[in-house]
Amino acid sequence: MKNLHQLLDNGYTKIKFKLSKTQHLLIEAKINNVVGNFILDTGASTSCVGFESIDYFKLETSHSKTKASGAGGTNMDTLISKKNILKIGKFKFQKFDLVVFNMSHVNEALIQHKAKPVHGIIGADVLLEGKAIIDYYNGCFYLKKI
């Protein structure tokens, strides 16, 4: 039988991830052509970045009534940033919406464990749209080419 990479070679793009000291999956991605560091999180419903990354990624934001919650925080105020370009490997997502919220609790936890802080989280919205397949053994994941 062919290995996973050979089976997916035609329709998918392969993206490497690194494992952090906290066992998070770390990836590089570009938002609006600016490289950032992200946690790949199957449990996060929506991709997001921290307030401190608004200028870094050249985001235009607007008020949002949505409250964010997750590990370490609930009922957090958010902004929304619409129509961004997200690129992960060869996978490109046009008109990509991001949630912007206070990620300090995430980065503080990473730093306490001597791991590097991140700009944001890539969540299930991207994984579902990209028909993601995660290969933990080989340290990579695949997204369907659009």
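## A pocket in the model

A pocket here is an open set of grid points where a 1.4 Å probe fits, with protein on both sides within 12 Å along at least five of seven lines. Keep in mind that this is a predicted model.

With that in hand, look at the second largest pocket, which holds about 350 Å³ of space. Its lining is made of 14 residues, and K18, L26, I27, N37 and K116 are the ones nearest its centre. Sorted by class, the lining has six nonpolar, two polar and six charged residues.

In soluble globular proteins, nonpolar side chains tend to be buried together. In this model, the largest nonpolar core has 25 residues, and L86 and I88 have the most contacts inside it. At least two residues each come from β3 (25-31), β4 (34-40), β7 (73-88), β8 (91-101), α3 (124-129) and β11 (140-144). The top contributor is β8, with five residues.

Which residues does L86 touch? Setting aside residues up to four places away in sequence, they are A29, K30, I31, F91, K92, F93, F96, I122 and V126. There's another core apart from this one, with 12 residues, including C48, I80, F101 and A115.

## A look at K144

You'll find K144 in strand β11. Is K144 buried, exposed or partly exposed? Partly exposed, because its relative accessibility is 32%, and the in-between class runs from 20% to 50%.

Beyond its neighbours within four places in sequence, K144 contacts G11, Y12, F91, G130 and K131. As for I133, it sits 11 residues from K144 along the chain, and their C-alpha atoms are 8.9 Å apart.

Terms used: Residues are numbered from 1 along each chain as its sequence is written. This is a predicted model: local features need pLDDT of at least 70, side-chain atom pairs count only at pLDDT 80 or more; totals for chains, interfaces and linings use all residues. Side-chain values use heavy atoms; hydrogens and water are left out. A nonpolar core is a set of buried Ala, Val, Leu, Ile, Met, Phe, Trp, Tyr and Cys residues joined through side-chain atoms within 4.5 Å. Buried means under 20% relative accessible area, exposed over 50%, partly exposed in between (1.4 Å probe, protein chains only). Helices (H or I, at least four residues) and strands (E, at least two) are DSSP runs, numbered from the N terminus. Contact means heavy atoms within 4.5 Å. On a 1 Å grid over the protein atoms alone, a cavity is a set of points where a 1.4 Å probe fits but cannot get out, and a pocket is an open set with protein on both sides within 12 Å along at least five of seven lines; lining residues have an atom within 4 Å of a point. Grid points are joined across faces, edges and corners, and a volume is the space filled by probe spheres set on the points. Ala, Val, Leu, Ile, Met, Phe, Trp, Tyr, Cys and Pro count as nonpolar, Asp, Glu, Lys and Arg as charged, and the others, Gly among them, as polar.
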